[in-house]
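Here are a few exercises to work through with the model open beside you. Try each task before you read its solution.

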Amino acid sequence: MKVAVVKEVALDERRVALVPDVVARWVKKGLAIAVETGAGERAGFTDSAYEAAGATVTSDRAQLWQTSDLVTKVLPPTDEELGWLKSGSMLMGFLEPLDRPQSIKTLAERGITAISLEFVPRSTRAQVADALSSQANAAGYKAVLLAAAALPKYFPMLTTAAGTIPPAKVLVLGVGVAGLQAIATARRLGAVVEAFDIRPETRDEVQSLGARFVEMMIEEETSGQNGYAKAVSDNLQARIQATVAERAIGADVVITTAKIPGRRAPIMITADAVAQMKPGSVIVDLAAEQGGNCECSQPGHDHVVNGVQILAPMHLAGTVTTHASMQYAKNCSSLLDWLIKDGQPVFNFADDILDAVCITHGGEIRNDRVRSLVATLSETPSAESMVLAS
């Protein structure tokens, strides 16, 4: 069985799917692993390190895709890369099936087995393969560092001969893995932190990190599948925005992390709220890939509105390149432990993890939600963009 480790082509993506330590482990188990030249270079892993681990290194991208039984990636493939996959092969990575139904349709039609790491269940057994969590952890950490670098103030309280400087006030919106790491990192830097989430069960987690939980009366069910937040009514959304605005006005830093799988990120900070924030304050929007939690965010760009710095980085985990790659590689390796037996793939869909992550197989789309999205595609050129905007 031939496994490919390919180089990410997105300009801002520096992670690599498998690192040399993981490659060495699977070479010993009998897999033939080929690595594209320079695939790990931006993450600190040289071609020679992969060769020392037992992999072959090749510069022929097209042939690598065309001859591999399994291609491992971080970000979704381009249209050109999709065309290189051989029928019956496998593709593993963040495939964004809820946002890219046309790509999933193409994979199914070509008989490709698509293994999407976004769909790893949130269960104790599956934790070792939970790539969303490992990468969100890196993003939450880096978001605070970006905010601290941009803020024209200290984070910690300082007592100096010139007087006492109060600590920065940080507001974290969304208490998933990224939010919890943002809270912990901001606290380590000495900030006073408070956090808000529509799921009341996150209160204890916030308080355990020494932060204050922003209370709000919520009558709706707000926890969706696998513990994610779910979409709420327009009335509750307006109340959330009002509550957030009250807290954001007094904050030095706001870090937003709220996402809903397969949908546009909810607007939590309106333009009116930004207009009332203190000049020099900073917003770091970690939901940029889904449109952003701040109404003023420009995904992939930093800009200033009414003196407020708004940072909306894309793929922020990729800037903690080495460790993010190491964690992602271990997540992939754990999935391979369930998938590969005696050097060959075994599709045991009685296993809840494999059943969840395998989106296409044998020419069929296995996930109900993705299948429904694909069914809505029309033959017009703008069909996918219409789905993405919905």
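This is a predicted model: local features need pLDDT of at least 70, side-chain atom pairs count only at pLDDT 80 or more; totals for chains, interfaces and linings use all residues.

**Exercise 1. What is the volume of the second largest pocket, and which residues line the second largest pocket?**

Start with the volume: the second largest pocket comes to about 160 Å³. A pocket here is an open set of points on a 1 Å grid over the protein atoms alone, where a 1.4 Å probe fits, with protein on both sides within 12 Å along at least five of seven lines; lining residues have an atom within 4 Å of a point. Points are joined across faces, edges and corners, and the volume is the space filled by probe spheres set on them.

Next, the lining: Lys169, Val170, Leu171, Val192, Val193, Glu194, Arg212, Arg247, Gly250 and Ala251. Strand 9 (169-173) and strand 10 (192-196) are the elements that give two or more residues to this lining. Helices (H or I, at least four residues) and strands (E, at least two) are DSSP runs, numbered from the N terminus.

Residues are numbered from 1 along each chain as its sequence is written, and side-chain values use heavy atoms, with hydrogens and water left out.

**Exercise 2. Check the span of helix 9 (residues 234-248), then find what covers its buried residues.**

The expected span is 1.5 Å times one less than the number of residues.

Now pick out the buried residues (under 20% relative accessible area, 1.4 Å probe, protein chains only). They are Leu236, Gln237, Ile240, Gln241, Thr243, Val244, Ala245 and Ala248. Their cover includes strand 9, strand 10, strand 12 and helix 10 (271-276).

**Exercise 3. Which residue caps helix 6 (131-150), and what does helix 6 pack against?**

Begin at the N-terminal end: Asp130 is the cap, with a side-chain oxygen 3.4 Å from the backbone nitrogen of Leu132. The 20 residues of helix 6 reach 28 Å from first C-alpha to last, close to the expected 28 Å.

Then look at the packing: the buried residues of helix 6 sit against helix 7 (177-188), strand 12 (253-256), strand 13 (282-285) and helix 11 (321-339).

**Exercise 4. Is Ser134 buried or exposed, and what does its side chain pair with?**

Ser134 lies in helix 6. Ser134 counts as buried because its relative accessibility is 8%. Its side chain makes a polar contact with that of Asn331 at 2.7 Å. A polar contact is a pair of N or O atoms within 3.5 Å; within protein, one must be able to donate a hydrogen and the other to accept it, and residues adjacent in sequence count only if both atoms are side-chain atoms.

Finally, list the contacts (heavy atoms within 4.5 Å). Leaving aside neighbours within four places in sequence, Ser134 is in contact with Gln327, Tyr328 and Asn331.

Notes: Buried means under 20% relative accessible area, exposed over 50%, partly exposed in between (1.4 Å probe, protein chains only).
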